[in-house]
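Visitor: I would like to walk through this model term by term. Please tie each label to its cut-off.

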Amino acid sequence: MLTLIKESIRMSWHNIAHNKMRSFLTTLGITIGITAIIALITIVSSVTTSLMSEFSSLGTNTLSISAQGSSLKQGLSDEEFISIGTIEGVEGVAPSVNMKTDLVVNGEKIENISIEGKNETYFQRNADSISEGRGLNLLDVRDKNTVCLVNESFVDAYFPHTDPLGQTIIIKGIRYEVVGVMEDSSSVIATSGSSVLLPYKNVLAMNGSATITSFEAYMAEGSNSSQVIANIEAALDGFFNYKDNTYKVTNMQSMLDMMNTMQTTLSMMLAGIASIALLVGGIGIMNMMLVSVTERTTEIGLRKALGARPSDIQLQFVVEALILSLIGGVIGIILGLGISFAAAALLDTAFTISWLAIGLGVGFSFVVGLLFGWAPARKASRLNPIDALRSN
């Protein structure tokens, strides 16, 4: 049996090589289909993996809470905000207070710079986001110390050849000392371009506001997330007098699970769409094999007259169809990965090889070759040797 398979492969390869242009055009449909499957699924996988990595950096035990309130009560007071941190299962809370304003650096006025307010809790949970200096501490926040952190883009723009630590920035007429530098990729400084971070109470004072409308709550390891969320929602209901649509609690782990489900669904949809090209390619293989059977009628009749069984003839043509399909599949995988790598570079995302896509590519190639090669192979195996020899 092994000898028969080797001989079938040899004869199939000889026939494919003898008809180079026809073989190329036949495999083109398979190549396009597999390229589309690999490229689409891999690009989607790379983009969603990068997004999920960003969300994961926030921590799966992190709750993102928006508390806009109602027309009667907007946001939480500082006391209400701090009380959320005392709920069982909550290890701490970190506010997000944002604004844009002008500031002065080295006597130069800089317009429309993003200012963000945080507390010490954030830096206790995200110490690795600081590339130089230190983060904010309890005294900075409690006493409204005039200290700040800047991001790397700010340093590149306004302190290009100077140690930023110890430099002074004037905001709203108040001098702030730079005590740390944040990485641009840090989730706390998510806006593009230059940003400055201050104790959140300082930013509230600049805004003329006394309420917090956005913050994060960090759940303790091993805590029951559903119960913690329920306790937080109960507290927020009390703060906003049980009014509807006054707040929203988002569980980062739930978002990750939802994104993972969406990625799988989208990948399957894209694979289904790209499979249309594979169907066209399969029809092309069937067409070529039928033509090949017609052209090689005499050869088939001679082999049968010499004792070849119908199964031997069928195996030869099925193997030839499989080889054509797999050649198109391999070329498609290479092209698809190349396109995906280029797209990842253009989108500035990490290139992630999707083994699911490669598995689908190889599997589809095999199945298409088998299915669309079977009918011509069966036709060849059922030829009457006498009629085949007379057709010469």
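**Labels and cut-offs**

Guide: The protein chain has 13 helices and 11 strands. Both are DSSP runs numbered from the N terminus: helices are H or I with at least four residues, strands are E with at least two. The model is predicted: local features need pLDDT of at least 70, side-chain atom pairs count only at pLDDT 80 or more, and totals for chains, interfaces and linings use all residues. Residues are numbered from 1 along each chain as its sequence is written, and side-chain values use heavy atoms, without hydrogens and water.

Visitor: Why is Phe-366 called partly exposed?

Guide: Buried means under 20% relative accessible area, exposed means over 50%, and partly exposed lies in between (1.4 Å probe, protein chains only). Phe-366 has 40% relative accessibility, so Phe-366 is partly exposed. Phe-366 sits in helix H12.

Visitor: What about Arg-378: why is Arg-378 called partly exposed?

Guide: The relative accessible area of Arg-378 is 34%, so the label is partly exposed. Arg-378 also belongs to helix H12. Its C-alpha atom is 8.5 Å from that of Phe-317, 61 residues apart along the chain.

Visitor: Which residues make the nonpolar surface patch?

Guide: Leu-326, Val-362, Phe-366, Val-367, Leu-370 and Leu-371 make a patch of about 490 Å². Patch residues have over 30% relative accessible area and no salt bridge; nonpolar side chains (Val, Leu, Ile, Met, Phe, Trp, Tyr) are joined within 5 Å, like charges within 9 Å. A salt bridge puts a side-chain nitrogen of Lys or Arg within 4 Å of a carboxyl oxygen of Asp or Glu. Areas come from the Shrake-Rupley method with a 1.4 Å probe; for residues, only the protein chains shown count as cover. Helix H12 (residues 355–381) gives the most, with 5 residues.

Visitor: How do you know that S2 and S10 pair?

Guide: Two strands pair if DSSP finds at least two bridges between them. S2 and strand S10 (residues 214–219) have 5 bridges, in the antiparallel sense. In S10, Ala-217 is the bridge partner of Val-93.

Visitor: In what order do the 4 strands of the open sheet run?

Guide: The order is S2-S10-S1-S11, with antiparallel pairing. Strand S2 (90–95) and strand S11 (248–251) are the edge strands: each pairs on one side only.

Visitor: How much of the chain is buried?

Guide: Buried residues make up 45% of the 392 residues. In helix H7 (residues 200–207), Tyr-200, Asn-202, Val-203, Leu-204 and Met-206 are buried. Gly-208 follows H7, with a positive phi near 70°.
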